[in-house]
Amino acid sequence: MRDLGGIIVVDFIDMDERKNRQKVMQTLEDAMRSDRAPNKILPIQRFRVVAITRKRVKQSLERALCMPCPHCEGAGYVKSVQTIVGEILQEAHKARQHRGWKKNCMLRVHPDVAKVLKSNQNKYLKN
């Protein structure tokens, strides 16, 4: 639940015995005590569902690694330039270490990615 926030609904519809529901609720409350995000567990409702409200305390992984899509006016997300550069460097490092590559390879990347790669003066990449 690290990056979840909002209202989380847990379904206990088929749990008929009251003592079992109480045990589950106690276990859930115990587990949520160690959660750093502010949260509140509402009691089991008539339809045997539990609602948990939880505030997200950090940026979601998608938002950390991506940026709003410039073509659809932010309706979707694309990987950020920094994420792509990181992936390229990681693959170059793997290729050098594990595959024993001694050959050159050519990258065809977006101009923004190329600008960042060139500015970093990487030991794996040449202009």
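1. Asp112 has a relative accessibility of 38% and therefore counts as partly exposed; the range for this class lies between the cut-offs of 20% and 50%. The model discussed in this note is a predicted one. Asp112 is found in helix H4.

2. The volume of the second largest pocket is about 220 Å³. Which classes of residue form the lining of this pocket? The lining has 6 nonpolar, 2 polar and 2 charged residues.

3. Ser80 is placed in the loop between S5 and H3. Is Ser80 buried or exposed? Ser80 counts as buried because its relative accessibility is 13%, and the cut-off for a buried residue is under 20%. Apart from neighbours within four places in sequence, Ser80 is in contact with Leu65, Cys66 and Met67.

4. Asp16 lies in another part of the chain, in the loop between strand S1 (6-11) and helix H1 (18-33). With a relative accessibility of 55%, Asp16 counts as exposed, since the cut-off for that class is over 50%. If residues up to four places away in sequence are not counted, Asp16 touches Arg21 and Arg48. The C-alpha atoms of Asp16 and Arg48 are separated by 8.8 Å, and the two residues are 32 apart along the chain.

5. Arg48 deserves a separate comment. This residue is in the loop between S2 and strand S3 (49-54). Arg48 has a relative accessible area of 25% and so is partly exposed. What is the phi of Arg48? The phi of Arg48 is positive, at about 60°, although the residue is not a glycine. In general, most residues other than glycine have a negative phi.

6. The secondary structure of the chain comprises 4 helices and 5 strands. Read from the N terminus, these elements follow the order β-α-β-β-α-β-β-α-α. Of the contacts between residues at least 6 apart in sequence, 47% join residues at least 24 apart.

7. The chain has 127 residues, and buried residues make up 19% of them.

8. The mean pLDDT of the chain is 79, and 81% of the residues reach 70 or more. Where in the chain is confidence lowest, and where is it highest? Confidence is lowest in helix H2 (residues 61-65), where the mean is 70, and highest in strand S2 (residues 39-41), where it is 89.

How values were computed
Residues are numbered from 1 along each chain as its sequence is written. This is a predicted model: local features need pLDDT of at least 70, side-chain atom pairs count only at pLDDT 80 or more; totals for chains, interfaces and linings use all residues. Side-chain values use heavy atoms; hydrogens and water are left out. On a 1 Å grid over the protein atoms alone, a cavity is a set of points where a 1.4 Å probe fits but cannot get out, and a pocket is an open set with protein on both sides within 12 Å along at least five of seven lines; lining residues have an atom within 4 Å of a point. Grid points are joined across faces, edges and corners, and a volume is the space filled by probe spheres set on the points. Ala, Val, Leu, Ile, Met, Phe, Trp, Tyr, Cys and Pro count as nonpolar, Asp, Glu, Lys and Arg as charged, and the others, Gly among them, as polar. pLDDT is the predictor's confidence in each residue, from 0 to 100. Helices (H or I, at least four residues) and strands (E, at least two) are DSSP runs, numbered from the N terminus. Buried means under 20% relative accessible area, exposed over 50%, partly exposed in between (1.4 Å probe, protein chains only). Contact means heavy atoms within 4.5 Å.
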